[in-house]
Amino acid sequence: MQLPFKFEQKTTFKNYIFSSVYYISLQDTIHSMATSEDKNIRKTFTVLENSKTDNEKFAALLLFAKTTNAKELSLEDRKRALDAIGVTFFNRLLKSKNIPEDCEVDVYRSLALKILSGLCGDNQLVLEFEVYKNLRSINDIITDSDSQEDMIIDCYDLLSAFAQTEEGSIKLVDYGTVTALSEVITKHLPGCEKGQIILQSVLQLCGDYSWKKDTPSMQVVLEHFCKQLETFQDERKFDLCAVVSGIVSSLPKDVAKKSLQRTWFKSLVHAIADMFTSKLGQPQRDPALRLASSVLDKLGVDCILPPNRDDCKLLLVIIHLSCIEVRISLENLNPDQIMSKADTLVSCYNLLELIICHMTSAPSLKLDENQVLQLHSAMEGAFNSVIFYLREQSELEIQRVDPSQIVLASVRVLGSWVAEETSALKARVQEILPFILKLCKCQLKCTKTKRPSSKEKSVKFKSDTEDRSESTLSSELESCTITQEETENNTIPENVDLSKDSSESHSDITSEDVKDSCSCDASEFDNSNHKHLVNQDSTNSDSTRTNSEESEKLEINKSDQSVCSNSTSSGTSRSMETLCGVFLNLVVLEPELIAENEELHKVTQSIFKCAKLICNKEDTLTLWANIITLGVFFLRQQAHVKYDKDDLTKFFSMVVSFIKAPYTSLTVDSAEVLSVAELYIPVWDSIYQLWYLCIQATTSCLPMYPTLVYAMMSTGFLPHIIRLLNKVHGRNVDEDTLLCLIGVITSLVTSEVKAVDVLRSCGGFEFARLYNCSELEKLIEK
């Protein structure tokens, strides 16, 4: 679009300006501007507001730029100036190609950017006055290597204002600015350092959206930084750690799954190995650990294990260094120094959680005995330091309603350890247990208060060093509350005896201890979180709760749907999965406590409600499996407790669904084989152990609960399983799965006479002979 200015052929630009200013001066406004500075500004505003044509506005802009300092103007004055000028005028200035004689090519654009950057430095003004409509013009300027330096600086000032809010960052993505920034960075165009900072801020606020909107550009910029990280052999390598960490942390799940095939992945792993196999001082160790935490968290522990690496040594080095860092920080530093290292400490905690999860749920690392002992000793030392720190904090007179984020992160990582390691440091953990329970109760209350919406998130621009450290810290700590942070420790350790009667005697915890210390906090915690999972998209409303009866804490009221509504669904799910893991360990170690304690009976009631609300939903399937398994384990010890029959029937129907739903048949090479159902494939590695535990506990519960027998019979469990196994004819049926299914079928037949007739009618004889079930064959014959 061209400016509608009418220039005579012989009129120079200077003459035009002088004539315009003279024209405005005839309005008797300019001559009085020398009286005082405030009066000058007022008169300038008058000129702006009285200008009607583009000629007058242009002259008024020159006068405004000369007589005012935008930094000294109030927000109201800036709005007044923008209203007077009009955004459309800036649009025409930026796009006009009709340049007067005797003036520079970029005179219009330079003036427009100078005024805009001065007036719109506020992150709300750039959105309120629709400055984002000029973003494509700004993109062209920053990607043009011939652009004037002053123009580029003004462009980045405007982009910085956008990048301070989530809404502004989304505009940068929508209008192609992220793509332009990627080009600037990879081509080392002028302003690339500032562009890098802006891109980091955008990814911090809306990284997932940026990847989905322009995956190719994001891949290119990540490739660029990973290559540099691999190539540099000086301090620049460690300066880049924060940049790469921020980009990797923003990877969406679908992109992360395909990352192992990208060339940048090989460069990244090689760079990490290069750092951790070198001698690292403290300034180098901190960024390296933060980068390793982000990479393993997003790409999985497997990314630095075979076949991506020759052996497990890199993982062992990272974990040992994390343990050392935790011990040095928590044992040798004062509280202020610990807070200054919070980002590194939280990264080490994350690495410890990841390795705990991997070692308890993933295939064996195939470590030799010496490596296992060294790793366990290092982790035990680290968690001993965590307990030491928490004990110190428990003795301080601090405000429990708002404890330090490091305290909460320490409780979280200790919970991951306790959920899997039930013997080491047990006595020391019990010493600080009351303090941990109080923190949990305080955090539950805090989550019931409304938190700032995502649109209110903002980023303050600092120097490069401050931006790297503080943005990392804020992103790491923002979700560190016990009820929100992600964790995947949802299985029982392999060395724990899961039989009904544990061979070990544990008399340290009593029913009175639980009643006095917990006061049903655990069930309330569980209940609050599962309400959020079901109602996370509902409108926020004030929670209402009556205190007349203790049991009302467990009721799910529509008015209580806003609990935890501002926390992330995945974070809440993982918190509840961890809680399930803790309770499963309690079932194994203290079966009598589960049987007799009334507060834990209320937990069972909460499980009934929670399981029903998230039943078999794809996004909460892992949590549902945890809750179903925990419920069966509780009920196995609570057969004497009278629960509502309708609740039991519905819960047992879900148990049967969980047992029979994961398996189906699949045609492979013209033959039917047993296969995991499509719904369960994404999460099967996380829940297959829970399936085994659930079916074993269900087998034990069948003689105790007629309602469970009824659920088995009414849902068609027997015909489904028998016909499925007969159909696949033993193909791809592993021994453990077969033994579990035969066990539950045999228990059902012995508990219900009618089951024999059903078994006969659906191919029971064929099944018994096919799989050599002599005991089942005898039961059918009787």
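Leaving aside its neighbours within four places in sequence, which residues is Ile318 in contact with? They are Ile272, Phe276, Leu289, Ala292, Ile304 and Leu351, where contact means heavy atoms within 4.5 Å.

Before going on, the ground rules. This is a predicted model, in which local features need pLDDT of at least 70 and side-chain atom pairs count only at pLDDT 80 or more, while totals for chains, interfaces and linings use all residues. Residues are numbered from 1 along each chain as its sequence is written, and side-chain values use heavy atoms, with hydrogens and water left out.

Back to Ile318, which is found in helix α18, residues 313-332. Helices here are DSSP runs of H or I with at least four residues, strands are runs of E with at least two, and both are numbered from the N terminus. Ile318 has 0% relative accessibility and therefore counts as buried; buried means under 20% relative accessible area, exposed over 50%, and partly exposed in between, with a 1.4 Å probe and protein chains only. Ile318 and Leu351 are 33 residues apart in sequence, and their C-alpha atoms are 8.2 Å apart in space.

Next, Gln284, in helix α17, residues 282-299. At 15% relative accessibility, Gln284 also counts as buried. Not counting residues up to four places away in sequence, Gln284 touches Glu235 and Phe238.

Now a helix pair. Helix α11 (residues 177-187) packs against helix α13 (residues 215-231) at an angle of about 25°, and their axes are 9 Å apart. Axes are lines fitted to C-alpha atoms, for helices over the stretch in contact, and angles run from 0 to 180 degrees between N-to-C directions. α11 and α13 are therefore roughly parallel to each other, a label for angles under 35 degrees. From α11, the contact is made by Val178, Thr179, Ser182, Ile185 and Thr186. From α13, Ser217, Met218, Val220, Val221, His224 and Phe225 take part.

Helix α6, residues 107-119, is a check on geometry. Its 13 residues should span 18 Å at 1.5 Å a residue, and its end C-alpha atoms are 18 Å apart, which agrees; the expected span is 1.5 Å times one less than the number of residues. The buried residues of α6 include Val107, Tyr108, Leu111 and Leu119.

Finally, the whole chain. The protein chain has 38 helices and two strands. Of its 782 residues, 54% count as buried.

Note on methods:
Angles under 35 degrees count as roughly parallel, over 145 as roughly antiparallel, 65 to 115 as roughly perpendicular and the rest as oblique.
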